[in-house]
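User: I would like to go through a structure with you. Could we start with the terms for surface exposure?

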Amino acid sequence: MTIRITNWAESNNIINKEQSGFRAHHSTYDKIFELTQISMHAKNMKNYCAAVFMDVEKAFDKVWHDGLIHTLIKLGLPSIYVRYIHSFIQDRYIYIYVEGLESIRIKLNFGVPQGSALSAILFLRYVAEIPTPNTANTHLSQFADDIKQYAHSKGFKTVQTNLQSSINQMTLFCGKRRIAINDSKNFEIIIKPPSAKNKTLTPALLFDNTEIEIKSSGRFLGLVFDDKLNFDEHITTQFQSARTRTMQLSTIHSEKFGPSEKSMLNLFKIFIRSILEYGHIALITTEPNQLKSWEIIQTKFIRFVLKSPKINNEFTLKLANMPSIRDRINHLAYIWFHKTQKNNKDVKEFIDTKINKLSQLKTPYSLINGTYRIRN
């Protein structure tokens, strides 16, 4: 049933193109790429760029049953599927059972069952009509219940006006769907042009008459974005995690027992290198020396496992038959970009319509496609 409903939705373009969650050939990298590309291009053009990070409160638990059925009928889902889903979610109760004592049963009018593959698909249909921003250079990003809105322009007031309009549309939609946004977790990141470094920026954005907090950095789908777009905070955070894991992994290696050298290097790739290379499509924009701490972690671990002397880093990597972290990130970004452009029509449309392919300024696209030129 899940596959049938998914195929129906995809073939009929029911899911909005801004949504990347729980969809074949889609991933978190789609949204990381789009946000990085748009915001970095705006920075290069000396424009303002601002992103609003919104948190949906208990998304799957807040799906209104009657609203879901109404939405599915409105979207044109065949009646046989509607009846099946209605029977799937109706007459569900919760109660507490402790040492032989049972509480009264409470009927659930909200929420889809946790752990069911069908629940994720139902949630995507429930929010399929989420409003897309209708103002220039304003974008919506969705990954399941993770919602981001961002805009760019020469003038900061234009950016805020466009974002406020989009937020108002989102508020109205959430009200109709009885979706709760946790306004205490909403925040905005503003990327300023150099000329506005010390400038006080107004107006502030409002959500439900509450001013949205402005922060210098925030986590988006596992990657820490900052208002300078240099990812320094993300690099530092991941360095701490990688160093801790490396120390833990090192304790199981011994001359007399424990995994072999080959196994130790494979464990490093799985448990340590994987957390460093995540977000590669954005991290390719970092400067070479920014990843030095990551390279040191890898080199020291290889020397420890292989018991090699402090020789040239390049030769150390050859002994382990491993690429540098930088080379690995560049390779993964290149593979992801071309594979996704081939299989993901939404990302391809973004590339074809939203990107200046001839630009020589630094962005993920220009770095992957070789159009970026270092300027003196």
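Analyst: Buried means under 20% relative accessible area, exposed means over 50%, and partly exposed lies in between (1.4 Å probe, protein chains only). The model is predicted, so local features need pLDDT of at least 70 and side-chain atom pairs count only at pLDDT 80 or more, while totals for chains, interfaces and linings use all residues. Residues are numbered from 1 along each chain as its sequence is written, and side-chain values use heavy atoms, with hydrogens and water left out.

User: Which class does glutamate 129 fall into, by relative accessible area?

Analyst: Glutamate 129 has a relative accessible area of 30%, so this residue is partly exposed.

User: What does the side chain of glutamate 129 meet in a salt bridge?

Analyst: The partner is lysine 74, at 3.7 Å from N to O. A salt bridge here is a side-chain nitrogen of Lys or Arg within 4 Å of a carboxyl oxygen of Asp or Glu. Lysine 74 lies in helix α3 (residues 65-75) and glutamate 129 in the loop between α5 (117-126) and β6, so the pair ties together parts that are 55 residues apart in sequence. Helices (H or I, at least four residues) and strands (E, at least two) are DSSP runs, numbered from the N terminus. Lysine 74 is exposed, because its relative accessibility is 56%.

User: How many salt bridges does a search of the whole structure find?

Analyst: The search finds 15. Among them, lysine 228 pairs with aspartate 227 at 3.9 Å, N to O. Lysine 228 is exposed at 52%, whereas aspartate 227 is partly exposed at 25%.

User: Changing topic: how much space lies in the largest pocket?

Analyst: The largest pocket holds about 370 Å³. Its lining has 14 residues, and Lys192, Pro193, Lys197, Asp227 and Lys228 are the closest to its centre. On a 1 Å grid over the protein atoms alone, a pocket is an open set of points where a 1.4 Å probe fits, with protein on both sides within 12 Å along at least five of seven lines; lining residues have an atom within 4 Å of a point. The volume is the space filled by probe spheres set on the points, which are joined across faces, edges and corners.

User: Which strands supply at least two residues each of that lining?

Analyst: Those are β8 (187-191) and β11 (213-215).

User: And where does the largest share of the second largest pocket's lining come from?

Analyst: Helix α13 provides that share, with 5 residues.
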